[in-house]
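Welcome, and thank you for taking a look. Let us walk through this structure together, one part at a time.

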Amino acid sequence: MGVQRLAVDPKVPDDESFDAAFSMFGLMFFQDRAKGFAELYRVLRPGGVTVVSSWAPIIDSPLMMKIFAACAAADPELQEPQPDFLGLENPEVFASEMAASGLRGVTIQRHTASAVFESAEHLRDTMVRSSAAMQLVRRADGERVWRERSEAMLEYLAANYRPDTALSTTAFLGIAHKPLAYPG
């Protein structure tokens with residue numbers, strides 16, 4: 001079984017090329033998610049499985065709430081994230097969009113994981129390093145502004161995070177398969 005990274009490989013794969021296809025926190029950002037689900041369907045072999053992940057609402061993730069609060073401390077004009085009832089963080093929408101693409105056996109599973117950080121600095125640095133959104137803000141800010149923002153985040157976390165306390169975060173996993181093709 002081979003693995004092909006489509007984000008890196010510009011070659012468009014043939015129809016029914018893969019036994020499994022994944023979108024880990026990617027398809028949730030597509031302007032036209034139906035096209036993304038259709039592409040997953042197209043490249044799967046009959047019987048192939050797909051797994052698509054999406055964030056759960058931020059309110060379900062104490063880790064993300066803590067990071068948002070730290071970001072808001074650094075930028076008081078930052079708007080609190082609102083639930084996206086029409087996005088993949090709504091399990092009913094998630095399931096219906098997967099099914100609409102032709103995928104079958106759709107299940108949406110909630111997955112919660114916890115992380116522990118030895119210090120406020122460790123928490124901030126881990127989240128900055130592993131978050132595409134934080135990297136985009138850092139790039140847009142420039143290093144001088146980012147240093148100021150980062151220090152304000154650290155001050156907030158130092159006052160509001162007790163080291164070695166678990167913080168959980170939740171995601172949804174959409175799992176489905178392409179139906180087997182039966183000779184007609």
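A crossing of two helices is called left-handed if the near helix is turned anticlockwise from the far one by less than a right angle, and right-handed if clockwise. Helices (H or I, at least four residues) and strands (E, at least two) are DSSP runs, numbered from the N terminus. This is a predicted model, in which local features need pLDDT of at least 70 and side-chain atom pairs count only at pLDDT 80 or more, while totals for chains, interfaces and linings use all residues. Residues are numbered from 1 along each chain as its sequence is written, and side-chain values use heavy atoms, with hydrogens and water left out.

Let us begin with helix 4 and helix 6, whose crossing is right-handed. They pack at an angle of about 135°, and their axes are 8 Å apart. Axes here are lines fitted to C-alpha atoms, for helices over the stretch in contact, and angles run from 0 to 180 degrees between N-to-C directions. Helix 4 and helix 6 are therefore oblique to each other (under 35 degrees counts as roughly parallel, over 145 as roughly antiparallel, 65 to 115 as roughly perpendicular and the rest as oblique). On the helix 4 side, Ala 120, Glu 121, Leu 123, Arg 124 and Val 128 meet residues of helix 6, including Trp 146, Met 153 and Leu 157. This contact has eight nonpolar, one polar and three charged residues. Ala, Val, Leu, Ile, Met, Phe, Trp, Tyr, Cys and Pro count as nonpolar, Asp, Glu, Lys and Arg as charged, and the others, Gly among them, as polar.

Helix 6 (residues 143-160) also packs with helix 2 (residues 62-74), at an angle of about 130° and with the axes 8 Å apart. That makes helix 2 oblique to helix 6. Their crossing is right-handed. Among the residues in this contact are Ala 69, Ala 70 and Cys 71 of helix 2 and Met 153, Tyr 156 and Leu 157 of helix 6. By class, nine residues are nonpolar, one is polar and two are charged.

Now turn to Glu 97, which lies in helix 3 (residues 91-100). Which residues does Glu 97 contact, leaving aside its neighbours within four places in sequence? They are Arg 33, Phe 37, Leu 86 and Leu 88, where contact means heavy atoms within 4.5 Å. Glu 97 and Phe 37 are 60 residues apart in sequence, yet 7.6 Å apart in space, C-alpha to C-alpha.
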